[in-house]
Amino acid sequence: MRSEGETMPNDKTDITVREADGNRLEAYVDGQVAGIVEYIPAQRLIAFVHTEVEPRFEGRGVGSALARAALEMVKASDARFLPVCPFIAGWSAKHPEYDPWRYQATSRVTD
């Protein structure tokens with residue numbers, strides 16, 4: 001599931017999101033880690049379990065950039081996502097374009 005670094009432009013700042021070791025995505029602003037998304041991968045399923053934005057970067061679109069990059073990663077791998085993390089759950093609920101990749105009880109996921 002490795003992906004290349006990606007710059008996510010925002011009204012207020014440029015945010016770069018890239019996959020890091022340890023099943024996590026990291027967002028960078030001006031070379032500093034601004035936030036993270038942690039996930040647990042399984043066969044054709046990715047559970048997003050934690051999102052955190054450093055307080056000094058809040059309100060600058062870091063969380064949204066992380067959520068978008070996370071769900072684009074799911075989409076590119078043709079997996080499904082399980083939004084355990086409240087932030088990812090809330091963000092994805094506002095972006096129905098990712099609904100086809102959301103894990104549903106009727107989805108067929110195997111180990």
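Predicted model: local features only at pLDDT ≥ 70, side-chain atom pairs only at ≥ 80, totals over all residues.
Figure 1. Residues count as partly exposed when their relative accessible area falls between the limits for buried, under 20%, and exposed, over 50%. The place of G90 is in helix α2. A67 is 23 residues away from G90 in sequence, and the two C-alpha atoms are 9.9 Å apart in space.

**Figure 2. The two faces of helix α2.** Helix α2 covers residues 86-93, and its buried residues are I88, W91 and S92. These residues lie on the same side of α2, because they cover an arc of only 95° around the axis. An α-helix has 3.6 residues a turn, so residues three or four places apart point the same way. What does the face of α2 turned away from the buried side carry? That face carries the exposed residues P86 and A93.

**Figure 3. An aromatic pair formed by W91 and Y98.** A search of the whole structure finds 2 aromatic pairs. W91 and Y98 form an aromatic pair with ring centres 6.0 Å apart. The angle between the planes is 40°, and the pair is classed as tilted. Are these residues buried or exposed? W91 is buried, with a relative accessible area of 7%, and Y98 is buried as well, at 3% relative accessibility. W91 also belongs to the buried residues of helix α2.

**Figure 4. R18 over the ring of Y28.** This view shows a charged side chain and an aromatic ring. R18 lies over the face of Y28. The distance from R18 to the ring centre is 4.0 Å.

Figure 5. Side chains of opposite charge can pair when their charged atoms come close. How many salt bridges does the structure hold? The structure holds 4 salt bridges. In one of them, R24 pairs with E38, and the closest N and O atoms are 3.9 Å apart. The pair links distant parts of the chain, with R24 in strand β3 (residues 24-29) and E38 in strand β4 (residues 32-42). R24 is partly exposed, with a relative accessible area of 23%. E38 is also partly exposed, at 28% relative accessibility.

**Figure 6. The salt bridge between D78 and R44.** The side chains of D78 and R44 meet in a salt bridge, at 3.9 Å from N to O. D78 lies in the loop between α1 (62-77) and β6 (80-83), and R44 lies in the loop between β4 and β5, so the pair ties together parts that are 34 residues apart in sequence. D78 counts as partly exposed, at 43% relative accessibility. R44 counts as partly exposed too, at 45%.

Figure 7. D99 and R102 meet through their side chains in a salt bridge, with an N to O distance of 3.9 Å. D99 is partly exposed, with a relative accessible area of 38%, whereas R102 is buried, at 17%. Which residues do salt bridges with shared partners join into one network? They join R24, E26 and E38.

Figure 8. Most residues other than glycine have a negative phi, and most peptide bonds are trans. N23 is not a glycine, yet its phi is positive, at about 55°. N23 is placed in the loop between β2 (14-20) and β3, and is partly exposed, with a relative accessible area of 35%. D30 is not a glycine either, and has a positive phi of about 50°. D30 lies in the loop between β3 and β4. With a relative accessible area of 72%, D30 is exposed.

Figure 9. Which residues make the nonpolar surface patch? I40, V49, L82 and V84 make this patch, which has an area of about 300 Å². V49 is found in strand β5 (residues 45-53). V49 is partly exposed, with a relative accessible area of 33%.

Notes
Residues numbered from 1 in each chain as written. Heavy atoms only, no water. Patch = residues over 30% accessible without salt bridge, like charges linked within 9 Å, V, L, I, M, F, W, Y side chains within 5 Å. Areas by Shrake-Rupley, 256 points an atom, 1.4 Å probe, with all protein chains shown as cover. Helix = DSSP H or I, 4+ residues; strand = E, 2+ residues; numbered from the N terminus. Buried < 20%, exposed > 50% of the residue type's maximum accessible area, 1.4 Å probe, protein only. Phe/Tyr/Trp six-rings, centres within 6.5 Å; stacked < 30°, edge-to-face > 60°. Lys NZ or Arg CZ within 6 Å of the ring centre and 35° of its normal. Arc of directions from axis to C-beta.
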